[in-house]
Each structure stands twice: as structure tokens, then as C-alpha cells.
Amino acid sequence: MENTLGLEIIEVVEQAAIASSKWMGKGEKDIADQVAVEAMRERMNKIYMRGRIVIGEGERDNAPMLYIGEEVGICTQPNAEALCNPDELVEIDIAVDPCEGTNLVAYGQPGSMAVLAISEKGGLFAAPDFYMKKLAAPPAAKGKVDINKSATENLKILSECLERSIEELVIVVMKRERHNDLIKEIREAGARVALISDGDVGAAISCGFAGTNIHALMGIGAAPEGVISAAAMRALGGHFQGQLIYDPAVVKTGLIGENREANIDRLKSMNINDPDKVYDAHELASGKTVLFAACGITSGNLMNGVRFFNGGARTQSLVISNQSKTARFVDTIHMFGEPKTLQLN
């Protein structure tokens, strides 16, 4: 799969990032997301594959493109019969977030990116559009920290695994009212807190790389993004756990579903009979082959954002594979016309 689709998925996230970056700083988060969706779908439908969106822009009735269940790939073209034989194409499941951190793009803030994860059919958990309690940590702490432990306990474990004092640890938490007690506990334990407004996929992945100065992600964020993070962390060998949150009283910022009981019923209708189950990365991204790709829209810890120059643009992307056990950073110059000079720095 990596040999067949590796470069293709990089180009998919690159096109989404370039489209969205043109709306950076203009205060139009919905448009920044919309153009990323359109660009990602257009490029995806040129790939020789039989793809199915398992995590996307929402349910079919609420999302015109990249909705859950949508089929993508070359066979969706009007002249598909002349272009492909479906029986010869690989079937894959795809999780996408064309503009992870729409507010970050709209207000010109760091850390937004276009992301996707792919695996063979059935290889990605079809998470409902709920919230998820998450714990991400470096490979050295894999299987040692635990989402059921307190933040204080996990900080002690992290300190031992990483051979550094708790005071040297940096924990990323989304700035939300629901996290006030968590933030207080982390600070009282002696660790430092890096608050983010949006975009916890990048924070989770940063835990998998040494030198980012991010040692854990804790707290509650969107469940679909949790699956994408899990795919990347599985390929990186890092620690990731997620637990669905279905009670609006816990989230405090609104939740799909009328109430706790209705949300439990919805989970059961999706064959999720244990709503409190804790999932690890291998359960959220269970496929034999898992690929993750991201392209910076605005600059962040791992990647530079899109930089335009006369006649083109420069992007930085990341593709992670559990098949080849690699994490590749890809620097690309896109030539829109006849550039006077190529941007090399």
C-alpha cells in the first residue's frame, strides 16, 4: 500500500493545505475548511484506488463532500469505465481532516494542517462525532502511562520513563472550561502546561518525536481526530489511548445528541456496546498497514506552513508508515507557472 499510495496521499494533503492557506488570517474559518475539502477530494478522486471515507466532514445529509461513507478514487470519475477496473484496485478506508484547526487558519495562528490516515478496508475505527478523552505520550512511556491513572501518577511515570524531572515536562492541554481541574493538577504536580486553542492532532503526534519539547497530550477533544492521531502514533510506536465521552455535562461545550441516554443509544446502534471502553492505538487503527500524512497550513512544531513566492509555493509534509517503519518529512516546491526564482529558504 505504501509503494502504491505513499506519494499520492502526500499530494492530497499538499493540495488541501495550499488551498486553505490562501485564506489564512482572513477570519473566514468556514471558507478555509471548505476550500481544503474541495481540493482534497479533487486530488483524491484521481488516485487509482477504491476508497471509502470512514471519518470525514460529517454525516451525508450534513456534508456535501468527504462525508462518512462517501466513495472516493478514480472509479468515481464520470468516465470511470474507461479509466479503471474496480476489481484490480486496492480497497482502503480513509480518515480525513482537510483543515485541522480552522480557527488557527482564520486567525493566522500556528499549528494548523491538512491530515489524513489510511488503512485497508476495516482497518480504522469509525468513531462517532462525539468527544474523546485522550492520552498521548512518547514511545518510551508506551504501555506504562494509563488513561485511567490520575495526571499526577502519569507525570511520575513519564518522569521515570524519560529520565527527567517532572518540572522539565511539558503537557499539552486544550484550553477549555472542562480542563480547569486537569490543568490545576498538572501544575500542582510541578509540570508545565502548554495550552492550545485548537488542533490536538499535531500535539499528539509531537509526543512521538524527540526534540519537540512536548511530552504528553491530556484531556478531551474530538473523537474523529483521536482516530487520526492514533493512526500516526501507532506507526510511530508512541502511546495513545482514547475513551469516548458521551455525556454533555462532562464536555460543557455542546455535544451531538440530546442527552447522555440518547448518546448511549446512538453508540449501541453503531455496535459500540461498551461506551466506557478504553481503546489503544492498535484498536483505533487496527489495520495491517497504516499510513498517516499531514501538510502544514500554518507553521507548527513539526512542519512549516505553506509559503508562497512569485509563481509557486513551498510546502512541508510528513508521512508516517508502520509498513516501512519510517517518518518522512517532505519538502516540496509547487510551480504554478514560470517562477522567476525558486524559493530555497
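This is a predicted model: local features need pLDDT of at least 70, side-chain atom pairs count only at pLDDT 80 or more; totals for chains, interfaces and linings use all residues.
Residues are numbered from 1 along each chain as its sequence is written, and side-chain values use heavy atoms, leaving out hydrogens and water.

**View 1. Arginine 52 and aspartate 93 form a salt bridge.** The closest N and O atoms are 2.8 Å apart (a salt bridge is a side-chain nitrogen of Lys or Arg within 4 Å of a carboxyl oxygen of Asp or Glu). The pair links strand β1 (residues 50–55) to strand β3 (residues 91–100), 41 residues apart (strands are DSSP runs of E, at least two residues; helices are runs of H or I, at least four; both are numbered from the N terminus). Aspartate 93 is buried at 1% relative accessible area, while arginine 52 is partly exposed at 34% (buried means under 20%, exposed over 50%, partly exposed in between; 1.4 Å probe, protein chains only).

**View 2. Arginine 260 meets aspartate 247 in a salt bridge.** The N to O distance is 3.8 Å. Arginine 260 sits in helix α10 (residues 260–269), and aspartate 247 in the loop between β9 and α9.

**View 3. Aspartate 331 pairs with arginine 314 in a salt bridge.** Here the closest N and O atoms are 2.8 Å apart. The pair links strands β14 and β13. Arginine 314 is buried at 11%, and aspartate 331 is partly exposed at 41%.
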